[in-house]
Amino acid sequence: MMGLMPSEETRTTTPPTVRSSAAHDAGKPGGASARAWTVRLLVLGIVLSALNLRPAITSLGALLEEVRDGLGMSGSVAGLLTSVPPLCFAVFGVMAPRLARRFGAGAVVCAGMAAIATGLLIRPYAGGTAGFLAGSALALMGIAVSNVLMPVIVKHWFPDRVGSMTGLYSMALALGTALAAAVTVPLTDTLGGSWQTGLALWAGLAVAAVLPWLPFARGRVTPPGAGERAAETASRGPAPTEHARVEAPRLRMARSRTAWALAVFFGLQATAAYITMGWMAQIFRDAGVPAGTAGLLLAVTMVMGVPLAFVIPRLATRLPHQGPIVLALGVCGLVGYAGLYLAPAAGAWAWAVLLGIANCAFPLALTMVGMRARTGPGVAQLSAFAQSTGYLISIPGPLLVGVLYQHSGGWGLPIALMSALMIPQMAVGFLAGRDRTVEDEAAR
C-alpha cells in the first residue's frame, strides 16, 4: 500500500539521506528495529487521528433532527450549527504552524486529539444550544490543527511517499466519516435512544488516538535520516531540529495565484462536503426515507472516499496537471445534485454514490497541497493558508442552506445553490492543478 512509486519520487523533494539512514541505523544495535517501530507508531497515529477528524460532524448530521428537537433549534440555528466546523477550522487552523514551531507538530496533534475527546464528551451534556456549540468548538479546534498539520507531518516524515501516505490518511478519514454516519443511529437506539449518548460515545475513539502521539509529543523520536542531515550541516551551524524544520522564511502566499486557486478550491469543496454531512440525511428523511436508511445513505456517500481516497492521490502524483480529475469529480457532483432534486427517494443510492465520488475533492486538495510546494516548511505555510482561507470561504454555505430550507419550505433552492457552487469549484480546481510551486510565485 505504501510502496514507493517512481512518479512520487520524481515529484517530491527527497533528502538523499532518508534512504541511507536505514543502512546507517542497521549498523547500530537495535537501530533498525527502533526506526521501524517509530515509523509504525507514527503511521498508527496518523491513521487513528484521521479516523477522528469527521465523526464529530457526521454523527451530528445523522441525529440532527433529534438534536434540534432536544435543544429547541430552528432551521436557521441548525444551519449555524453546521457552519461551526468550517469557522473553527479557519480560526484555529491558521494557528497550527505557529504552535508546531513552538511545541512540535507531534505535541500539537496529541493535544488536538485530547481536545476532540473532551469536546465530544461534554457537548451533549453541557445544557442548551450555547453549551452544545462550545463543546463542539472545542472538539473542532482539535480537528482544525490536526487538519493543517497532517500534510506537514506526511511531507516531513515521508517525503518520497506523499501520494501513498496522503491516500492512507484520506482513506482513514473517509472510513471514520462513514462509520459515524452509518452506526450512530443504530448505536443510539441500542443504548436506549438518547441522542446525548449517541454523540458522546465517539469520545472513546479520540482517546485511543492520543496514545500513539505521546512519544512524539515528548520529543523522544526523530525522523529517519535526522542524524545524517545533522552531520552534513554541522559545519554551517546548529543541526536542524524538528521544530526548526517547520520554520522557514515566510512566503507571501497572498502573492501566489496557485495558493489562492488552491484556497478557493479547498473552500468550495469544503462547502459541498459540510452541506452534505450536515444536511443530506435530512434531505432523504424529508423525502420519506426512514432515519436509519438515511444514515446509511450518508454513510455510503462518505465510504466512497475509502477506496477513492487512496486511488486519487496516487493518480494525481502521476499527472503533470490534476485539472482533469477536478472536472471528473465536479461532473459527478452535478449529476448527484440533479438526482436529489428530481428523485431524492427513488434514486437515493445512486445519488449517494455520485456525491461520495464528488466529495473526493478533499483528498485531491490535500495531495495538491503537498505537490504545490517544494519543501516541508513551504507545505506548512501553504496548508495553513489554503485550509484557513478555504474554511473561511466555506462558512456561509451550510448556514445559507439552513436559511433557504426554512424560508422556502423545501429543498429546491438549497440544491440549486449547491449545484451553482460546483461550477466555480471546477474552474479554480483546474487552475490549482497546474504544475508549479508557490515558492516560485510567492518569492517574486
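Residues are numbered from 1 along each chain as its sequence is written, and side-chain values use heavy atoms, with hydrogens and water left out. Because the model is predicted, local features need pLDDT of at least 70 and side-chain atom pairs count only at pLDDT 80 or more, while totals for chains, interfaces and linings use all residues.

Two packed helices are described by the angle between their axes and the distance between the axes. Helices here are DSSP runs (H or I, at least four residues), numbered from the N terminus; axes are lines fitted to C-alpha atoms over the stretch in contact, with angles from 0 to 180 degrees between N-to-C directions. The axes of helix H8 (residues 105-122) and helix H12 (residues 203-210) come within 8 Å and cross at roughly 160°. H8 and H12 are therefore roughly antiparallel to each other (an angle over 145 degrees). In the contact (heavy atoms within 4.5 Å), residues of H8 including Cys110, Met113 and Leu121 meet residues of H12, among them Ala203 and Val210. This contact of H8 with H12 divides into 12 nonpolar, no polar and no charged residues, where Ala, Val, Leu, Ile, Met, Phe, Trp, Tyr, Cys and Pro count as nonpolar, Asp, Glu, Lys and Arg as charged, and the others, Gly among them, as polar.

In the second pair, the axes of helix H18 (residues 305-318) and helix H21 (residues 361-371) come within 9 Å and cross at roughly 35°. The contact involves Ala309, Ile312, Pro313, Ala316 and Thr317 of H18, together with Pro363, Leu364, Thr367 and Met371 of H21. By class, these residues are seven nonpolar, two polar and no charged.

Next come the cavities. A cavity is a set of points on a 1 Å grid over the protein atoms alone where a 1.4 Å probe fits but cannot get out, and its lining residues have an atom within 4 Å of a point. Six cavities of 30 Å³ or more are found in the whole structure. Of its 20 lining residues, Leu173, Thr177, Met302, Asn359 and Phe362 lie nearest its centre. H18 and H21 are among the helices that each supply at least two residues of this lining, but H16 gives the most, with five residues.

The second largest cavity holds about 120 Å³ of space. H16 also supplies at least two residues of its lining, which divides into 10 nonpolar, four polar and one charged.

Technical notes:
Parallel < 35°, antiparallel > 145°, perpendicular 65-115°, else oblique. 1 Å grid on protein atoms, 1.4 Å probe; cavity = no way out; pocket = protein on both sides within 12 Å on 5 of 7 lines; lining within 4 Å. Points joined across faces, edges and corners; volume = space filled by probe spheres on them.
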